[in-house]
Amino acid sequence: MSDGHAHKSEFARWLVCGAAAGLAVDLSLYPLDTLKTRLQSEAGFRASGGFRHLYRGMSSVAIGSAPGAALFFSSYSGIKKFIGVDSPLTNAAGASVAETVACLVRVPTELIKQRAQANAGRTMTAIAGLIYKNDGLFGFYRGYISTVAREIPFSLIEFPLWEYLKVKVAEYQGRECSPLESAACGSVAGCTAAGLTTPLDVAKTRTMLNESSQRLSTLATLRQVHSQGGVNALYAGVWPRMSWMALGGFVFFGAYESACVLTHKLF
């Protein structure tokens, strides 16, 4: 097999495995994400829908989840392969670049999803139409900077920690991690990263739910949230977020590693 063909096959494998991981985690744990969004909404939990219609906005996720995760893992693995040195710094660099690329797909679907989660009376079509009417195509990228500002610190914690834990488990076991063990490492890494970056997630949620013409920076949004509710407001939804990421990390990395094993003979 030529180097060019091998590289294309490897890239296709990353795309397929990433897409499988993204769909698995987003579709299985969607209700927890809805609860977190409503807890972080400026309107308040009950006004945003409470415990009703927890799957509202799910079609947006179904459309964007697979390509977003596929872009992430193909970029992440590609950067690591290009650098050629396996280290925490390499993992962090790969994750940062991958998040920036994946957010090009993730942000528009996330925007529609969160507005659907927090506005019980609107259809997906109505939300998309209102975004386009008010801000044009660029309106679908409201919150892009705040999302990247959340995702990069999150990935700088999660992916190096995941890789580190896998190495330690492999050393302890005297063999490579199984998909189940990798999933457990991903659960710990995701939960830890989620707790530490919750204020950035609150800022991202507030930015995406803001439909007024006034746009605040991530830092200004954090200050506003703090002035309204103090530290508790900055960590609104922290337990659903950590729970979502603990379970999500397990499903996400477990699905990715399992897909890698299953597709090894195909690509």
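**Before you start**

The model is predicted, so to speak of local features a pLDDT of at least 70 is needed, side-chain atom pairs count only at pLDDT 80 or more, and totals for chains, interfaces and linings use all residues. Residues are numbered from 1 along each chain as its sequence is written, and side-chain values use heavy atoms, with hydrogens and water left out.

**Stop 1**

In the span 12-82, the end C-alpha atoms lie 16 Å apart, and the span is 75% helix and 0% strand. For 177-262, the end C-alpha atoms are 15 Å apart, with 84% helix and 0% strand. Helices (H or I, at least four residues) and strands (E, at least two) are DSSP runs, numbered from the N terminus.

**Stop 2**

Now select helix α3 (residues 58-83) and helix α6 (residues 144-173). Two packed helices are described by the angle between their axes and the distance between the axes. Here the angle is about 65° and the axes are 14 Å apart. Axes are lines fitted to C-alpha atoms, for helices over the stretch in contact, and angles run from 0 to 180 degrees between N-to-C directions.

Which residues of α3 and α6 meet? Show Phe72, Phe73, Tyr76 and Lys80 in α3, which meet Ser155, Phe159 and Glu163 in α6; contact means heavy atoms within 4.5 Å. The residues of this contact divide into four nonpolar, one polar and two charged.

**Stop 3**

Is Ser74 buried or exposed? Ser74 is buried, with a relative accessible area of 5%. Buried means under 20% relative accessible area, exposed over 50%, and partly exposed in between (1.4 Å probe, protein chains only).

Look at the side chain of Ser74: a polar atom there lies 2.9 Å from the backbone oxygen of Ala70, and the side chain also reaches the backbone oxygen of Leu71 at 3.1 Å. Not counting residues up to four places away in sequence, Ser74 touches Phe11, Trp14 and Leu15.

Next, click on Trp14, in helix α1 (residues 3-28). Trp14 is buried too, at 10% relative accessible area. Beyond four places in sequence, the residues touched by Trp14 include Phe73, Ser74 and Tyr256.

**Stop 4**

Move to the loop between α2 (30-40) and α3, and find His53. Most residues other than glycine have a negative phi. His53 is not a glycine, yet its phi is positive, at about 50°. His53 counts as partly exposed, at 48% relative accessibility.

Gly57 is in the loop between α2 and α3 as well, but Gly57 is buried, at 7% relative accessibility. Leaving aside neighbours within four places in sequence, Gly57 is in contact with Tyr30, Lys113, Ala116 and Met124.

**Stop 5: Thr90**

Finish in helix α4 (residues 88-118) with Thr90, which is buried at 6% relative accessible area. The side chains of Thr90 and Ser87 make a polar contact at 3.0 Å. A polar contact is a pair of N or O atoms within 3.5 Å; within protein, one must be able to donate a hydrogen and the other to accept it, and residues adjacent in sequence count only if both atoms are side-chain atoms. A polar atom of the Thr90 side chain also lies 2.6 Å from the backbone oxygen of Val85.

Note on methods: Ala, Val, Leu, Ile, Met, Phe, Trp, Tyr, Cys and Pro count as nonpolar, Asp, Glu, Lys and Arg as charged, and the others, Gly among them, as polar.
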